[in-house]
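Subject: Structure for you, with notes on its cavities

Hello,

Here is the structure, ready to open. My notes follow below it.

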Amino acid sequence: MSQLVLVLGDQLSASLASLRDADPASTRILMAEVAAEVDYAPHHAKKLAFLFAAMRHHAKALRKAGFEVDYVHLDDADNSGSLSGELERALQRHGSMPVRITFPGEWRVKAEIERWAESARANFAWVPDDRFLCSPEDFAEWARGRKTLRMEHFYRSMRRRHDLLMEDGEPAGGRWNFDAQNREPLPPPLARPAIPRPMQFRPDPTTRDVLRLIERRCPDAFGELAGFSFAVTPGNAKRAFSHFLKAALPYFGDHQDAMASGEDFLFHSVISIYLNAGLLDPLECCRAAEAAWRDGAAPLNAVEGFVRQIIGWREFVRGIYWLYMPEYAERNALEADLPLPEFYWSGATDMHCVAETVAGIRRNAYAHHIQRLMVTGNFALIAGIDPKAVCDWYLGVFADAYEWVELPNTLGMALHGDNGAFASKPYAASGRYIDRMSDYCEGCRYDPSDATGDNACPFNYLYWDFIARNRARFEKHPRMAMIYRNLARQDSERVARMRARAEAARRNLDRL
Ligand code: FAD
Ligand code: DLZ
Ligand code: SF4
């Protein structure tokens, strides 16, 4: 053999850069289920099951393509427990040879492997991960000299570069962004389009082996393993995506920011889990969505919104991650320090919006964007929860979470803990926002229109307390001036009552 290629758990793409031109006759592949990767975050049982089942299916496909694959199972007796340990063992088994790995998605993994390569004096090289449309180097070039990094500017350059939704050099429909049309709450049940379910897949014998492994080895893992129905092969992931194109994309735009009780997915694609592990290709998904618009099967506001999330936000947050890591993960600009309430795990809170969101996450290892941003994220922001604890939770509980995408979204977008590296102002909101965008408040013991009474919605007094608490930071911010004028207009006794309520609540958030 002339080279060893380690394929990581989120590198399950048929055309992975490190393997694209590799000769199966002279390439040995290593894939390893290891305890260190299971334990570095409080992983949801369905995330572990998804990843290991997809890894095992991918190993089979690679063998079918002619490669020798060393596949290390989590419960193999001599499993070393870490990726670097498995690299070491593989070289001992097969003798010294060059090691190639596609660039990883997490700083932690990069640092571990580089440490190993140095201490083992390995002949080692990273191969750029070209499954992303913008490399960290290109992003750094784009960012150089800019006073502010805004997704919208980046997104426009990506639309042009990849000729997506463009007509004669101009954005299709004459506008770059149709977000203003994408904020419709859901109409009442009889007046709304039927809400489809994401496509589900029955576990095959390989996946059933993994489900038994997770039950046995990770009995205390967060979340429900029962009902596992994710796709674990590229073919099935494509089927799930085609189903989304037909059944949900036409409504994706209008109701992108809506939330509803009992509706875990609404019109979202639920493809991040597949994109991030490599089962789907981002550009192919965008081209397919564009084709749906050109064929008249989906409106432009839906397709533009979808494409923006993928070539805009997804690429942009990865650029931010590699631009600022490793210092980025240490930021805590708002000096938030409260522990994460227990109800983030159990869902046991009277706040119906939070209880519904956490119950959905426990079931599915998934919540859609507005639940992540405006319910669990917003609560953590206005209550002042320690960003490290919040980020750890987000990294574990979502099946699509890898640090390159989780960290900028949580620390930056939701918690403003990066001091606004890319978000112009904090996404803080009171219960009125949640009431406008959902039906959660109808089933809640708290009252979204009350901020001081016995049944006052905690989001209301925590919101105003957050605004008052951070006055020195945000008062001069042009986009927050109206909020501070609003605070100044309020009766000072009312503000004092809200702040006292918030202070009491912040002493024991689990009472809410
Ligand atoms: P859709 O709503 O159907 O969107 C289509 C695709 O666009 C998604 O699959 C995703 O690939 C991409 N996308 C949309 N928004 C974003 C975004 N803000 N950043 C990056 N990609 C985006 N996404 C992850 O993939 N992994 C995470 O760990 C993650 N953590 C998040 C944490 C917080 C606090 C917030 C606010 C958002 C987070 N997101 C994360 C972004 C977003 O919420 C998810 O990508 C989305 O909910 C996935 O569901 P979907 O596939 O149904 O997305
Ligand atoms: C998330 C995860 C888990 C749970 N387990 C493994 C594993 O056993 N082996 C592996 O190669 N990768 C795993 N991963 C993904 C990595 O932790 C990490 O997020 C990515 O490799 C970063 O690119
Ligand atoms: Fe959430 Fe407040 Fe509405 Fe209850 S009243 S669901 S706590 S926003």
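Three helices each supply at least two residues of the lining of the second largest cavity: H15 (352–364), H19 (431–437) and H20 (458–469). Helices here are DSSP runs of H or I with at least four residues, numbered from the N terminus. A cavity is a set of points, on a 1 Å grid over the protein atoms alone, where a 1.4 Å probe fits but cannot get out; lining residues have an atom within 4 Å of a point.

This is a predicted model: local features need pLDDT of at least 70, side-chain atom pairs count only at pLDDT 80 or more, and totals for chains, interfaces and linings use all residues. Residues are numbered from 1 along each chain as its sequence is written, chains are lettered from A and ligands numbered from 1 in the order in which they are written, and side-chain values use heavy atoms, with hydrogens and water left out.

The second largest cavity has a volume of about 100 Å³. A volume is the space filled by probe spheres set on the grid points, which are joined across faces, edges and corners. The lining has 14 residues, and Cys 353, Cys 441, Cys 444, Tyr 446 and Cys 457 are the closest to the centre. By class, the lining counts 11 nonpolar, two polar and one charged. Nonpolar means Ala, Val, Leu, Ile, Met, Phe, Trp, Tyr, Cys and Pro; charged means Asp, Glu, Lys and Arg; the others, Gly among them, are polar.

Now the largest cavity. Its space comes to about 330 Å³. It is lined by 25 residues, with Gly 9, Glu 37, Tyr 40, Leu 51 and Tyr 402 closest to its centre. H3 gives the largest share of this lining, five residues. The classes split into 16 nonpolar, three polar and six charged.

What takes up the space of the largest cavity? Ligand 2 does (more than half of its atoms lie within 2 Å of the grid points). Around ligand 2 there are 19 residues (a heavy atom within 4 Å), and Asp 10, Ala 32, Val 34, Glu 37 and Gly 105 come nearest. H3 (45–64) again gives the most to this shell, with four residues.

Polar contacts are pairs of N or O atoms within 3.5 Å. An oxygen of ligand 2 lies 3.0 Å from a polar backbone atom of Gly 9. Alone, ligand 2 exposes 480 Å², and the protein buries 100% of that (Shrake-Rupley method, 1.4 Å probe).

Best wishes

Terms used
Polar contact = N/O pair within 3.5 Å; in protein donor to acceptor, adjacent residues only side chain to side chain. 1 Å grid on protein atoms, 1.4 Å probe; cavity = no way out; pocket = protein on both sides within 12 Å on 5 of 7 lines; lining within 4 Å.
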